[in-house]
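Subject: Handover of a structure, with notes

Dear colleague,

Please find below the structure that I am handing over to you. My notes on selected parts of it follow.

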Amino acid sequence: MQRIAARQKSWEFRQFLGLRRLYSPAQNTSACLSGNDAGIIPAMPAFDYTPPPYTGPDAEEIMRKRREFLSPSMFCFYKKPVNVVHGKMQYLFDDNGRRYLDAFGGIATVNCGHCHPDVVRAIVDQTKSLQHSTILYLNHAIADFAEALASKLPGDLKVVFFTNSGTEANELAMMMARLYTGCHDIISLRNAYHGNAAGTMAATAQCNWKFNVVQSGVHHALNPDPYRGLFGADGEKYAHDIQDLIHFGTSGHVAAFISEAIQGVGGIVELAPGYLPAVYNSIREAGGLCIADEVQSGFARVGSHFWGFEAHGVIPDIVTMAKGIGNGIPLGAVVTTPEVAEVLTRRCYFNTFGGNPVCTAAGHAVLKVIEKENLQENAHIVGSYLKKRLSDLKSKHEIIGDVRGRGLMLGVELVTDRQLKTPAKVEILQVMDQMKDMGVLVGKGGFYGNVFRITPPLCFTKEDADFLVDVMDYAMTKL
């Protein structure tokens, strides 16, 4: 208890010295903007909530245990990692009770907000009733959620297979496509990320995420990247490469094409306009299926649509999803047509935890919250506002090479030379650390690790957006 009291006194003392300006309510945006030039630190929006006292181990002790007992492959953001102990809506709290604006959302996962009461209630109520049995028995939770989820998809996409993660969902989708078509070849995009298991690692196309193990049957097409790509924003020119791969890299027939509508791990790269319609035509002419990976862009995150692929005017044959589907609960899904779904009856297909009643109750609650609180509309309105503010910031700071994305799935790419597009790999770490110190947590990605990934909870407000941009502005002026 003495250690806890000492932490609190230290925090109160820093507030007394004037650092409280970091966390006090914002009076108005214009004051913050003009204040940046004067060296005044932006003020965090007001939030009427106090987290419960924390009595657990401190960051140093947790880090010691991680080093000793957890995989050495695990890494942390920041020179001094944040010990996150509590969350409420779009905010996180550390072990000292300090509040942070969460602009990463657990990697595009916490769509409804941290510890949303409706989602928490659904989880607790279902856990009290039945935590787990098996899908070999009947239970309404899985059936109710499957029905609700199918209603959000177009066409004949209405058969649901529940999984535990996005990797698992993509693995299943790729296997189903191979079984259905009788072909092995799959085409994905360079810079893509679809998971880290045997099949999905093959579909992933960044060396950073690929181990030197057998990965067969996947061809990687030119990435239709409007910023760094060979043909700029001309989607149809990139699509010709798909046809070439089919002609010169396969038997002329393929199992599937898999892609994200907006590449998340790859640095929030929105595919060039006109690309997906042309590619879907070529794939289907070669007998293949089209798989939309909505693990990060799904569940209203893009704002203009519920699913990322809808912004391109296409209807896939299989849709995979995870992350936002459960607001942080381990849950994923594959949704396809009855015809494609039939392939799994050729043998026994079973998943012990896929469709768990607690997870599906949470997923159903997420859909209801998105609808009740108009989170898709909010993602569109606030996301558009935030993107405009970030674009304005680009005109002020030469280090910003590109601002992109849709809704509340936005990317800011930092470069040291706009003409050469030289990745600002060191500078982004400096800005990121300063933003953390001022109370904003953002993600980082892209092949070169030079892109801010902004994927906050969908309850993000315009005041939150202003604070994020003002903090980024302030941090960049300190480079």
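Asn223 sits in the loop that runs between strand E6 (218-221) and helix H9 (235-249). Please bear in mind that this is a predicted model. The relative accessibility of Asn223 is 12%, so this residue counts as buried, the cut-off for buried being under 20%. Its side chain makes a polar contact with the side chain of Gln263, at 2.9 Å. Apart from neighbours within four places in sequence, the residues in contact with Asn223 are Leu189, Arg190, Asn191, Gly229, Tyr238, Gln263, Val269 and Leu271.

One of these contacts, Tyr238, also belongs to the set of H9 residues that meet helix H10. Two packed helices are described by the angle between their axes and the distance between the axes. For H9 and H10 (residues 275-285), the angle is about 20° and the axes are 8 Å apart. H9 is therefore roughly parallel to H10, since angles under 35 degrees count as such. The crossing of H9 past H10 is right-handed. On the H9 side, the residues involved are Gly235, Tyr238, Ala239, Ile242, Gln243 and Ile246; on the H10 side, they meet Tyr275, Ala278, Val279, Ser282 and Ile283.

The pairings of E14 may be set out as follows.

- With strand E13 (residues 400-406), E14 pairs in the antiparallel sense over six bridges. Within this pairing, Glu413 of E14 stands opposite Asp402.
- With strand E15 (residues 422-423), E14 pairs in the antiparallel sense over two bridges. Val415 has Pro423 in E15 as its bridge partner. The hairpin of E14 and E15 has four residues between the strands, and Lys421 takes a positive phi near 55° in this hairpin.

Yours sincerely,
A colleague

Conventions: Residues are numbered from 1 along each chain as its sequence is written. This is a predicted model: local features need pLDDT of at least 70, side-chain atom pairs count only at pLDDT 80 or more; totals for chains, interfaces and linings use all residues. Side-chain values use heavy atoms; hydrogens and water are left out. Two strands pair if DSSP finds at least two bridges between them. Buried means under 20% relative accessible area, exposed over 50%, partly exposed in between (1.4 Å probe, protein chains only). A polar contact is a pair of N or O atoms within 3.5 Å; within protein, one must be able to donate a hydrogen and the other to accept it, and residues adjacent in sequence count only if both atoms are side-chain atoms. Contact means heavy atoms within 4.5 Å. Axes are lines fitted to C-alpha atoms, for helices over the stretch in contact, and angles run from 0 to 180 degrees between N-to-C directions. Angles under 35 degrees count as roughly parallel, over 145 as roughly antiparallel, 65 to 115 as roughly perpendicular and the rest as oblique. A crossing is left-handed if the near helix is turned anticlockwise from the far one by less than a right angle, and right-handed if clockwise.
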